[in-house]
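Trainee: I've got the model open and I'd like to go through it with you. Can we take it piece by piece?

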Amino acid sequence: MYFKNNITEDELLFVDRSTISRAISDLKGVIAEVLEEFEFVPDLAEEMDGRVGVVDGSLCPCWSWAEAPELRSGKHKTTGHSRQFICDLDVEPGCGGGPSECPRQCLDCGPAPHRLCKQRRLAQTSLAAILPLSSANIDSTSSGCATVAAKELQGLLPAELAGFVGRQGELREVRRGLSASRLVTLTGVGGVGKTRLAIRAAWEMRRAFPDGVCVAELAGLEDGGLVAQAVVTSLGLQDQSTRWTADTLAQRLAARRMLLVLDNCEHLLDACSRLVTKLLERCPDLRVLATSRQPLDIVGERVQPLSTMRLPADDESQSVQALREFEAIKLFEDRAAAAVGGFEIDDHNARVVARLCRHLDGIPLAIELAAAQVRALSPGQLLERLGDQLTLLTSGNRAALPRQQTLRASIDWSFHLCTEQEQALWARASVFAGSFDLQDAEAVCASGDPSEHDVLRAVAGLLDKSVILREERGEVIRYRLLETIRQYGRQLLRAGGVERELQERHRAWYLKLAEDTHHRWFGPTQAQLAERMRLEHANIRAALEFCLAAPGEFHEGLRIADACHNVWRVNGLISEGRHWFDRLLDQDSEPSIARAHALASAIHFALLQNDLTAANRMLPESRQLAAEFGDNIDARCYKVPEAFAALQQHDFSSAIALGEEISVHSDDRDWGITAKILLGNSYSMQGDDERAMAQWQELLHLCEEHGERWRRAYAMWGLGVEAWRRGDWSRARSLELECLAVQGEFQFHDQYCTALSLETLSWIAASTGQYKEAARLAGAARAVRTEFGGTLLPFYDEYQERCQQEVRRSLGEHAYTKAFTEGTRLSLGDLAEELLGQTTTQTAATRNEPIKGLTKREREVAALVAQGMSNKQIARALVISQRTAEAHVENILIKLGFASRSQIAATVAETRNPHSPPQP
């Protein structure tokens, strides 16, 4: 893109919509440089769509400025130069539309001062003055601005052939990265958009580098000895007498302040590392932005992993307009519109496109290739045919490099850069669904080459090559293959005839993990076990699917499901657990110990959802299997579902008789604990307070003795109910709050217990005359129950109805409905904070308040002011123009109400030393 003078209306008419869209997009970089104090850059292409005007008369190519307090929308305005496209709505009185003279001199003369109007300053330019370079629109007779711009950029930045979509956060991170380090490397899987982002970032930062920006494309280079020559060629240097090496290139660039973009370094890592090291050592004002599938491993390198584009997690709950805000969907729409004029996201295709983009993992290259297919297929047809996306997406831009013509070619490129061990791990790791950790990889993938000892090395290699993505989950590091990468690996397994073998190993490992979790469940590591299994949920699903699909694997599937029943409850997966039990039990009807165990768990889950019909249908077979395998299992444990069913039907005597037998004689701690919960409820409903309290107390003692947390929450709930029934409302409330605290502290997702505790707190509030609070809590409990699909235990219906009737009568219907509705809108987090009295210390926050009022960039500038830097020095340190640095400092002074830089320095120093006395 270049600036040109004297654009005529006829010339503008020949500019297609996509070019105008790109030009508007380019304006974001201009405005971003001035408005870096904002945490976002508005999408001007949408804000200004349909309001593009034609420049009339001669236009100075320098930037002109309008002064406005906010960037809200666009309109046309006539300035001293010409009618221009101006981001200026709500101009404050006295601001004026624009200066009578150009406030910024030409590049030859350097920047000129400019002023702020109160707090904001907005960049202006003529939209029509930005056009793609061609011999037809370069005016050699124009003033020096266009000439200097062309000279600065000649041959160094490739023009964008398609609009740049999204990635605004990533662009800001690149700018910040180059402020903090002289080398930033963008890493990521093939097709994720590293090159596009690097070129776009270079374009937006070009004004910060007076000696220019150079992009050296290395993908087609095979000889590492020619990397320096490739840079020289990109720079346009015509010196034929020099043998270009890292040393001679460093000598030539030593005095230049410029940005060098090295694109596609992964296959020439050693050569690129040596070159960049030498350049950074010898060229103090040079900054390097590299793209590679793995880091260059140079001291001082700042690695910025590039993830896939933002996707909606659930398209069903999103409006069409909301879906269109996601980057991946925007990209699909933009590229599809380029392929088929008039294509747009609407009510008919929005959700299909969202699912399509999710299926493609948000990988830009994959999305672009898919969007190109709308010439022949609708989005719905594309989605149907994407079962094998690697063979469908076979057409691409013939002008692109061979590795970018298809998605398979891009992945092939990565695969052939891997060592044999890395290739083997890539294929074997494709058996994982979702993420996996090092222990998983060693257990499933280690056999022959790579061996268990080599897995870590292979994982590290694949991480470096951006084949495996790294995820931090608290203190746990996990790895993940994008779906397209995983499919490629799975095809390798099939081609090698080892897919079934790897699936069996995967199933065996997760069966072992599930059963080990079950055996260790009742203990102090329960929360960690629950979190681990939460992370492994996708792999558990994959193992169960394999058991259902593969002959001879049904019993192992039943074992996995039974071993997971506590984890599923804690993680709020009762409905999904029932789904797996139903499928497995329907497919395998052969009597077995595994079936007996799974059947008991399935009945329990049905009863937790008050599905007596399903439970009663399964109970006869459960009794039969318990009798048949009584010598090999503790048959009394299988009376727990019967006791629970009796309790649900208000047959408290039968529930107590069955529960007492289990509790006394069972060696199975899990079912024995469940029996105590059933007994506590049954005695309570019979009005036997002493025995009910005894069961809850015994349960609490067992939990505390073994460090168990989850069932301890139920013990606190049961004791709270009994305290409420006795009229000890203060203790009852404390117990229920402790129940909620345990749930929150250990991040259990057992909303069943949460709903019970909230209902009980509602009863307590009603008993103490806090009727509005009672209604709010009842509404919150209703919202929780609605979310997880459960209902209150039916034998407590009497308490609930009596309580709500009293609250309605006391408040009146209108006030009750208002308070109840307010409760349904409360988030669990906000409610827990309110109930548990979680407050934060205000001292440090108050002391830091002035600085917190600044944006991230302003805080960086303030820190440099505190170091005594001038505006010019700040600009060089942060890789921004001096005028931008001046604007930041003035904004800081205005926001903090200060008159001097020394006050900024004092405030920063006080923030860093919170124990210092406040300044007068």
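Trainee: How many of the nine residues of helix 29 (residues 640–648) are buried?

Mentor: First, some ground rules: this is a predicted model, where local features need pLDDT of at least 70, side-chain atom pairs count only at pLDDT 80 or more, and totals for chains, interfaces and linings use all residues. Residues are numbered from 1 along each chain as its sequence is written, and side-chain values use heavy atoms, with hydrogens and water left out. Buried means under 20% relative accessible area, with exposed over 50% and partly exposed in between (1.4 Å probe, protein chains only). Helix 29 is largely enclosed by the rest of the structure, because its buried residues number eight of the nine.

Trainee: And which residue takes a positive phi just after helix 29?

Mentor: Start inside the helix, where the buried residues include F644, L647 and Q648. Helices here are DSSP runs (H or I, at least four residues), as are strands (E, at least two), numbered from the N terminus. Just after helix 29 comes a phi of about 65°, and the residue is H650.

Trainee: Zooming out, what share of the protein's residues count as buried?

Mentor: The secondary structure comes to 44 helices and 14 strands. Among contacts (heavy atoms within 4.5 Å) between residues at least 6 apart in sequence, 71% join residues at least 24 apart. Of the 920 residues, the buried share is 55%.

Trainee: How do helix 21 and helix 22 run relative to each other, and why?

Mentor: Helix 21 (residues 499–519) and helix 22 (residues 526–535) have axes 11 Å apart and pack at about 155°. Axes are lines fitted to C-alpha atoms, for helices over the stretch in contact, and angles run from 0 to 180 degrees between N-to-C directions. Under 35 degrees counts as roughly parallel, over 145 as roughly antiparallel, 65 to 115 as roughly perpendicular and the rest as oblique. That angle therefore makes helix 21 and helix 22 roughly antiparallel.

Trainee: Which residues of helix 22 make the contact?

Mentor: Helix 21 brings W509, L513, A514 and T517 to the contact. By class it has five nonpolar, one polar and one charged residues, where Ala, Val, Leu, Ile, Met, Phe, Trp, Tyr, Cys and Pro count as nonpolar, Asp, Glu, Lys and Arg as charged, and the others, Gly among them, as polar. From helix 22 come L529, R532 and M533.

Trainee: How are helix 17 and helix 20 oriented to each other?

Mentor: The axes of helix 17 (residues 420–429) and helix 20 (residues 483–496) come within 7 Å and cross at roughly 100°. So these two helices are roughly perpendicular.

Trainee: Is N349 buried or exposed?

Mentor: N349 is found in the loop between helix 11 (327–339) and helix 12 (350–359). A polar atom of its side chain lies 3.2 Å from the backbone oxygen of E344, and one lies 2.9 Å from the backbone nitrogen of D346. Because its relative accessibility is 12%, N349 counts as buried.

Trainee: Last one: what separates the C-alpha atoms of V865 and V889?

Mentor: V865 lies in helix 41 (residues 856–866) and, at 6% relative accessibility, counts as buried. Not counting residues up to four places away in sequence, V865 touches I874, V889, R901 and I904. V865 and V889 are 24 residues apart along the chain, and their C-alpha atoms are separated by 8.2 Å.

Technical notes: Polar contact = N/O pair within 3.5 Å; in protein donor to acceptor, adjacent residues only side chain to side chain.
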